[in-house]
Amino acid sequence: MWTADEISKLCYQRFSELPKRGKPEPGREWTLLAAVVKCSVSPNQEKVEEEVVSLGTGTKCIGRSAMSSKGDVLNDSHAEVIARRGCIRYLTEQLQMAVCGQGSTVFCQGEEMGKWKVQSGVSFLFFTSHTPCGDASIIPMMIDHQSQPCPPIRSDELTPIGTNEKAERVNLKRRAKTQTDGINKHPRLEEPEKSEDEDNVLTQQSLQDIHRTGAKCVPGGPEDPLQPGLGYHSTGLLRVKPGRGEPTLSLSCSDKLARWAVLGFQGALLSHYLQGAVYFSAIVVGRCPYSHQAMQRALITRCSEVTALPAGYTVQPPELLQSSLEFAHSQAQTEHNHQPGKGRVSPCGAAISWCAVSDQPLDVTANGYKHGVTKKALGTSKARSLICKVELFHSFLSLLAVTDKSHLPESLRGKELQTYWDYKQVAQSYQQASLQLRSQAFPLWLRSDRDLLQFH
């Protein structure tokens, strides 16, 4: 039907077609890219159409003290989260089209009153240009390697990792010299044939360390041993992303992807209108340090035994694939193209959201607010990202407003609901599934303070 390379090429092409605003400065800034791709199979099974419906870039998070009780700040601007939030914008518009009889390309009427379901032949897959931060990025480090995502933002927050740090930077520079055209190309060296014993020794020498993640273990649980080499990290643990000098409440992208494989990626609000959760059928990763075993452990195994889920929810493990094509604005490619005198290579401060909606599909942010906004505008609607909590809530309320009262979902009938928190809490099936996931797999999952969710 499709290949990993076809999906990555489609996502890279969509990114290249976007305006320059918010993109990294070539040769000096790098970023990560993620996207949601809709796959539509024709009724006769002869044709498959792939379409990027949401795309995101970004590498940063805000600290706990910068979070807003108005829901008007983006807490987590990692590419994977941006892409998923943009997809919620897309799904909300598609539901509105379905409710209004305008012909959605995603949803058709379900069997329950006021409920909708994904059309037969339609599925969604997730693409990320780099291994998700957190548990999936804790993988054996070969001699020839790149850096991992989710680095701590400030160097003075780094935990010393011994003498391997310098060697890692040297190896990265050596590797960068062999890269061209956005795809890694390794030189062929004429070497004498090695015996099996020599190969085993080389493998053991190559696996003396692991890639490290800047994501920290959640408070109250097991901690990383921080031992030299392979004993530095513990695996299988929930982790929070590093912030600008202080802890965040944002779980790693590995943790969030694992959660979406049980609860779906549609969120609590849209679950009111849906007969069942919406899952990613596959996750495609671009060319980067990658371990199928680590991806399986982080995204699938940790939640594989969750049971007693309500109707419409199930453990839905995605297919895991890797592309051979590297993102042109990856850290490794940026290091390779870096010109002397351009300043140090650093992550891009902006985040881009694009989704296939009819009005304002592009949204560029920095530090959780619209890119380029003045201090005077902070706290007003002009400063808000179109994918922040309050904007997505208002989009949901618009969907509610165009729904005939006789066709309202049962969960929304006869209730006096006002706040974002109210509407989330009465999504009973979703909340029940979330409770089962927390109690069986993720008991240490961090939850936002209720006071941060009481906005209108």
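Modeller: What follows covers a helix contact and then a pocket. This is a predicted model, in which local features need pLDDT of at least 70, side-chain atom pairs count only at pLDDT 80 or more, and totals for chains, interfaces and linings use all residues. Residues are numbered from 1 along each chain as its sequence is written, and side-chain values use heavy atoms, with hydrogens and water left out.

Biologist: At what angle do the axes of α5 and α11 cross?

Modeller: The axes of α5 (residues 253-263) and α11 (residues 428-440) cross at roughly 130 degrees and come within 10 Å. Axes are lines fitted to C-alpha atoms, for helices over the stretch in contact, with angles from 0 to 180 degrees between N-to-C directions. Helices are DSSP runs (H or I, at least four residues), as are strands (E, at least two), numbered from the N terminus.

Biologist: Which residues make the contact?

Modeller: R259, V262 and L263 of α5 meet Y430, A433, S434 and L437 of α11, where contact means heavy atoms within 4.5 Å.

Biologist: Now the second largest pocket: how many residues line it?

Modeller: Its lining has 40 residues, and R259, K389, Y420, K424 and S448 lie nearest the centre. A pocket is an open set of points on a 1 Å grid over the protein atoms alone, where a 1.4 Å probe fits, with protein on both sides within 12 Å along at least five of seven lines; lining residues have an atom within 4 Å of a point.

Biologist: Which element gives the most to that lining?

Modeller: α2 does, with five residues. Elements giving two or more residues include α2 (79-99), α5 and α11.

Biologist: And how much space lies in the pocket?

Modeller: About 1000 Å³, a volume being the space filled by probe spheres set on the points.
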